[in-house]
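Okay, everyone, let's get started. Have a look at what's on the screen while I walk you through a few spots.

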Amino acid sequence: MRQKTLQEILEDPRIADIAVDAISKWDLSQEEFYPWTLEELDQKMGWCNLERGFTRLFEVAERPGFYQRLYTEGECQGAPEKEGRNIVFFPSDDPSADERPYIIMTPGGAFVNIWSLTEGWPTAQRFNERGYHVFLLTYQLGIQGVAVKAMEDMARAIELIREKRDIYHLNPDHYITCGFSAGGYISCLWNTDKGYRAYGLPKPCACLPIYPVTSFCILRDNEDKEGDIPKEELSMSGLGCTVEEACHSTFEIPDHVEGFPPTAIFVASQDELVDPDHSRHLAKALEEAGIPCRLEVGPSGGHGFADGTGMCMEGWTDRAISWIENLQEEKAND
């Protein structure tokens, strides 16, 4: 696999439906690295986890219910942003996985792209190894208010999983959310009054925000920080409002944590795109609200460590699951 090119892999008909979402809204065929091998992508781009993600993707591509569109053709008429939105099912081969909560994963991409290639497929494989089914959510892009629209997508995904429970063999109301960067914001927003409660759906069992955006007040106050993401552009694309409006609304996540489940947050101390204070402020708010929280700040490394392969955050998926399972065991023993 390491000697295959990105082009060969993404043009394989077995994954034709999902290949376009390797990095959503980005035509990779126009990039100079498209004909590079996975080994070259590792060496030149630092994408060291692709082989494992692709290997698992091809393994599950033959499984029932692997790819499911969220919206019908009729629902997409007049709403092109809904076209091709989907969930991709990564079933664990562990026989006990059916009894555990499944994971809904939202990769990041600054509300402009969705990086399933690096954050989604390889991380799903990690959770599969730990005995957890995963659904990778490709949410709406190309509109203002992506994070708000993603609430609709998340709700539809859970409803679809309910409808197809006989295929997936799991409890559709028993789930964990996991999101990266902007996708981490989506996983957090789902716990506010704009998320599961607004759609009359069950509360998640746990939440795993990975180097998440959580506070537009931090974005506002970091106006002059070198390398920080564009504030107003992020706010308008993600929320459909200004930064100042976001700071005084439910969109300011640390001020609205009352509906959160137990939450484990992972971030690297040298994150150059999303200030680690986003994670620290959320953790502090959760602790003050009496909600179980685990914050891990890696001693080095920056943004986009994905599943942590080859970095100081390697193994965070194992630590997250162990923490959740310990909480569940403690609750069962009370």
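Tyrosine 211 is in the loop between β6 (206–210) and α10 (216–221); helices (H or I, at least four residues) and strands (E, at least two) are DSSP runs, numbered from the N terminus. Phi of tyrosine 211 is near 35 degrees, a positive value in a residue other than glycine. And tyrosine 211 is buried, at 0% relative accessible area. Buried means under 20%, exposed over 50%, partly exposed in between, with a 1.4 Å probe and protein chains only.

A quick word on where this comes from: it's a predicted model, where local features need pLDDT of at least 70, side-chain atom pairs count only at pLDDT 80 or more, and totals for chains, interfaces and linings use all residues. Residues are numbered from 1 along each chain as its sequence is written, and side-chain values use heavy atoms, with hydrogens and water left out.

Now, alanine 110. Phi there is near 60 degrees, again positive in a non-glycine residue. Alanine 110 sits in the loop between β3 (102–106) and α6, and is partly exposed, at 36%.

Next up, proline 254, in the loop between α12 (243–247) and β7 (263–268). Is proline 254 buried or exposed? Buried, with a relative accessible area of 14%. Leaving aside neighbours within four places in sequence, proline 254 is in contact (heavy atoms within 4.5 Å) with Thr214, Ser215, His281, Leu282 and Ala285. Proline 254 and alanine 285 are 31 residues apart in sequence, yet their C-alphas are 5.6 Å apart in space.
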